[in-house]
Amino acid sequence: MDKQELLNKIAQKLNEQFPGALENSEMSYDFPVFYIQRDKIHEVLSLLKNDPEFDFHFLTDLTGFQTADEKQLAVIYHLHNMPKNYRVRVKTFFDINKPEIPTATDLWAGANWMERETYDFYGVKFKGHPNLKRILNVDEMDIFPLRKEYPLEDQTREDKSDKMFGR
Amino acid sequence: MAKKKEHIQNTAANGEEEKELSILNLGPTHPATHGIFQNVLKMDGEIIHEATPTVGYIHRAFEKLAERRPFYQITTLTDRLNYCSSPINNMGWHMTVEKLIKAEIPKRAQYMRVIIMELSRISDHLICNSVIGVDTGAMTGFLYIFQWREKIYDIFESICGARLTTNIGRIGGWDKEWSPKTWDLIKSFLKEYPKALDEFARLLERNKIFMDRTINCGPISAQMALDYSFTGPNLRAAGVDYDVRVMTPYSSYEDFQFTIPIGTSGDTYDRFMVRQDEMKESLKIIEQAIKNIPDGPVHADIPEFFLPPKEEVYNNMEALIYHFKIVMGESDVPKGEVYHCVEGGNGEVGYYLVSDGGRTPFRLHFRRPCFIYYQAYPEMIKGSMLSDAIITMSSMNVIAGELDA
């Protein structure tokens, strides 16, 4: 099964099982990408994991990012089926003021620290996570440093104009 | 090792038995942990009841830094992830950008990359295996085999001038053709290293003391390893034959014949043996690459990303424009998202790059295998002796730089 076929098949299955949950699907370079509604993300992930045809038993990566308008956060899952070598990317977007999403630790134990890292940097609250604490930053930190509202350099500096370079 | 005595009332279910567990802070800076890791252990004598790892002591915010750097400046950040095999990380990053800009890399450059990646895999495994020897009490192998890491670093030095944090290669291929001296160094390494590796193997592989010490020490089942997203030698030691070089070949790995060694029980001895055999396979790959390397250019024809030669810059207007655009980071990059992974020393090193067409990545995430598999460590050492925990950690090859990014 090539990647386009895989994309169509999964999209069809998701539309059958959870009407309305799949917002969009596309090929992005060599990855089939699925945009899933937040409310249905856990059901979709557990379907992708437990369906015998797809069998995405391996969570390669879990991370987040903030959209360019700074109003939304996204969580990105990279799933892998090793024997058949299928890889897909599942994305879900949600409002930055209500950053809650069900945890995936009950599906993959390896999601534990990856979710803690995403919480640490973006403040995404994974509901049901057994130990949602900061992991790489100090516990006392009160910001989520990878959000775009926290620029890398001190923006109050006046001796240096940086508008030409960087964001 | 600062031993802090604290009385914990550990009442059993029937409320009669009371047990006193002592708390032991292993780390953050302890010579046996080979890096900055802290583990707060709850001990009953020598037996570990519970371990709570604290990570992040050398967190350097690479993902945030990367959001301000042009693509070619991020290579230096990837050096400092797994600093035992930085060339693999460098190549992985170059290939990620090449995937984004859809650049075609000439075969010769790809083969040269394979040679360097396999050399750095050897240096990575060599450190890990010799350190397992040190932690089990065999210093000799470490001191003897370490000079071969120096020879690998000499090769890197003759190519790029740096030894540890290499920043080797360029986006698009190589900055220049390697000198004849580099090829001589590689060939003499290939000729002499197998002998040293054999001696090292004879010292440890069938050594009864070493086997008694490492067999059944810190085992992990294949099911649990997959559940915890293990990759690389640690997963293969548990019996899963997953290798990125075979599953999703990059940089012409499909041209080479090699086998993937796998273990059965995922214990310290299996991890050691998988790495030993992988070094031999790496040597085979390098031999094939040297034998079959084609002639041709060593970099792709992508003037917007590849710095032109200096004579061109001084005498040719286009070259000057490209030079300026690259150095100032003004080259146009397509919008898009790519994920590219390479088989690093410890497993699947992945780069998730989101580009919005600007001069810097919009978002760059490093999938660091160490970070992901280190979370299984408390479960692996539960119920074992303290000294077993030490060699379990060194056999997992946890690199602080990669763990904390």
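**Figure 1. Helix α1 of chain A and its buried side.** In this predicted model, helix α1 of chain A comprises residues 3–17, 15 residues in total, and spans 21 Å between its first and last C-alpha atoms, close to the 21 Å expected at 1.5 Å a residue. The buried residues of this helix are A:L6, A:L7, A:I10, A:A11 and A:L14. They lie on the same side of α1(A), because the arc they cover around the axis is only 125°. An α-helix has 3.6 residues a turn, so residues three or four places apart point the same way.

Figure 2. Within chain B, B:R121 belongs to helix α4, which covers residues 107–135. B:R121 counts as buried because its relative accessibility is 0%, below the 20% cut-off for that class. A polar atom of the B:R121 side chain lies 3.2 Å from the backbone oxygen of B:G344. Leaving aside residues up to four places away in sequence, B:R121 touches B:I88, B:R245, B:Y250, B:Y253, B:E278, B:S282, B:E343, B:G344 and B:G345.

**Figure 3. The largest cavity.** Three cavities of 30 Å³ or more are found in a search of the whole structure. The largest cavity holds about 120 Å³ of space. This cavity is lined by 13 residues, of which B:F71, B:Y72, B:F305, B:G329 and B:S331 are the closest to its centre.

Methods: Residues are numbered from 1 along each chain as its sequence is written. Chains are lettered from A and ligands numbered from 1 in the order in which they are written. This is a predicted model: local features need pLDDT of at least 70, side-chain atom pairs count only at pLDDT 80 or more; totals for chains, interfaces and linings use all residues. Side-chain values use heavy atoms; hydrogens and water are left out. Helices (H or I, at least four residues) and strands (E, at least two) are DSSP runs, numbered from the N terminus. Buried means under 20% relative accessible area, exposed over 50%, partly exposed in between (1.4 Å probe, protein chains only). A polar contact is a pair of N or O atoms within 3.5 Å; within protein, one must be able to donate a hydrogen and the other to accept it, and residues adjacent in sequence count only if both atoms are side-chain atoms. Contact means heavy atoms within 4.5 Å. The expected span of a helix is 1.5 Å times one less than its number of residues. The arc is that of the directions from the helix axis to the C-beta atoms. On a 1 Å grid over the protein atoms alone, a cavity is a set of points where a 1.4 Å probe fits but cannot get out, and a pocket is an open set with protein on both sides within 12 Å along at least five of seven lines; lining residues have an atom within 4 Å of a point. Grid points are joined across faces, edges and corners, and a volume is the space filled by probe spheres set on the points.
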